[in-house]
Amino acid sequence: MSDASINASTLTAKAPADEASFGDYFALLKPRVMSLVVFTALVGLIAAPVPVHPIVGFCAILFIAIGGGASGALNMWWDADIDKVMKRTKGRPIPSGKVEEGEALALGLALSGLSVIMLGLATNWFAGAFLGFTIFFYVVVYTMWLKRSTPQNIVIGGAAGAFPPVIGWVAATGSMTLEPWLMFALTFMWTPPHFWALALFMRSDYDDAGVPMLTVTHGRRATRTHILIYTALLALLAVGTSFSGIGGPIYLTVAVVMNALFLRGAWAISRRTEDDSEADNFKVERSFFKLSLLYLFLHFGAILVEALLKPYGLGGWS
Amino acid sequence: MSLRKSHELHQRRFGRNLGVGLTLAAFIVIIFGLTIVKVSGTDFGMAMEETQN
């Protein structure tokens, strides 16, 4: 077979209109979720009491981010059927026909292996193994098992998104103490109110896809109550963290202000009826969702500032 | 057809190929930097000394 015949018979099989660009493969890694992973892992790494060489730290964050991206690709591979149905996800590379499911699976598996091995080599094997467990938890426990079988999917599955600061800490220290688990708990308790607020104003999406979100299985009134309960528990945890090794006066100030605002939002959501929400197109729920993004960013930002000030004798309570 | 003639596919996939190429180049630079840090670090030096003794 000549070179020309190879070209003619095989290489033009795909029409240019369908062809995936580099950006489509990158989109499989869920860059927005990856940015949260990068930020929280960075805070875990810097808040750890062991200094890390900047290049080793950069590599640790990069490989944690790649591991997070690999989880995203494997999630999109498994969820391709329901992504097609939901408005929020139907533009993703697989449902839009740009990337094939097998390609997402191959990319996800390859990057999972690469990220775990490289994090182990760059830092320590405890951190590498923890990253591997996180990928397993997100893909197998959350995506394959819980997401379509229980309304507690978001609660338990939220753990996967909460592990990165612990991995960052372990990458720096090689061990674990209470502080990284406080950062874990902060993200873990934040996840349910964040996603349930989203589910309140994107309700038809989850209904159509048959995903048993709390809004679908227990009703919207129960979801509003759940948001308030989780927000109250989160506030206790977030303010209590101020008095741990990663807290300090700056963190305490941020925690008091943000939790007061968050509680006020959750209270408003719990008091609203469906008619109220329909009347203003879920204005309160939408603003609570936006506030939740700022909430997490500022809490981790405050932990970061406290850690960065410590070498100058300013961070923390000492 | 000449073997050196570029197929239409090469132009179509230029962006993708460039992205993969740059990613691999960045990966090489990162691994090189990491290796330099590792072999310059105290852990590696101590391990080498132990091996020699």
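The buried residues of helix 9 of chain A are A:Pro164, A:Pro165, A:Val166, A:Ile167, A:Gly168, A:Trp169, A:Val170, A:Ala171, A:Ala172 and A:Thr173. A residue counts as buried if 20 or more other C-beta atoms lie within 10 Å of its own, as exposed if 12 or fewer do, and as partly exposed in between, with C-beta atoms placed from the backbone. Helix 9 spans residues 164–173 and is mostly covered, ten of its ten residues being buried. Helices (H or I, at least four residues) and strands (E, at least two) are DSSP runs numbered from the N terminus.

This is a predicted model, in which local features need pLDDT of at least 70 and side-chain atom pairs count only at pLDDT 80 or more, while totals for chains, interfaces and linings use all residues. Residues are numbered from 1 along each chain as its sequence is written, and chains are lettered from A and ligands numbered from 1 in the order in which they are written.

Just after helix 9 of chain A, A:Gly174 adopts a positive phi of about 80°. A:Leu182 lies in helix 10 of chain A. A:Leu182 is buried because 20 other C-beta atoms lie within 10 Å. A:Leu182 and A:Pro165 are separated by 17 residues in sequence and by 9.6 Å in space, C-alpha to C-alpha. Leaving aside residues up to four places away in sequence, A:Leu182 touches A:Thr241, A:Ser244 and A:Ile246; two residues are in contact if their C-beta atoms, placed from the backbone, lie within 7 Å.

**Domains of chain A**

Chain A is divided into domain 1 (22–176) and domain 2 (177–318), with bounds that come from an automatic or database domain assignment. The centres of the two domains, taken over C-alpha atoms, are 21 Å apart. Their contact takes 27 residues from domain 1 and 28 residues from domain 2. On the side of domain 1 that touches domain 2, the elements giving two or more residues are helix 3, helix 8 (153–162) and helix 9 of chain A. Helix 8 of chain A supplies the largest share of that side, seven residues.

**Chain A as a whole**

Chain A has 16 helices and zero strands. Buried residues make up 45% of its 318 residues. The C-alpha atoms of chain A fill a box of roughly 75 × 55 × 30 Å along the principal axes. Among contacts in chain A between residues at least 6 apart in sequence, 73% join residues at least 24 apart. The mean pLDDT of chain A is 91, and 95% of its residues reach 70 or more; pLDDT is the predictor's confidence in each residue, from 0 to 100. Over residues 1–13 of chain A the pLDDT is below 50, and this stretch has eight contacts in the model beyond near neighbours in sequence. Where pLDDT is low, the predicted coordinates should not be read in detail.

**Chain B**

Chain B comprises three helices and zero strands, in the order α-α-α along the sequence. Buried residues make up 2% of the 53 residues in chain B. An unreviewed UniProt entry places the feature "transmembrane region" at residues 20–39 of chain B; UniProt positions are given in the numbering used here, feature names are shortened, and annotations may be inferred rather than shown by experiment. The span of residues 20–39 of chain B is 100% helix and 0% strand, and its end C-alpha atoms lie 28 Å apart.
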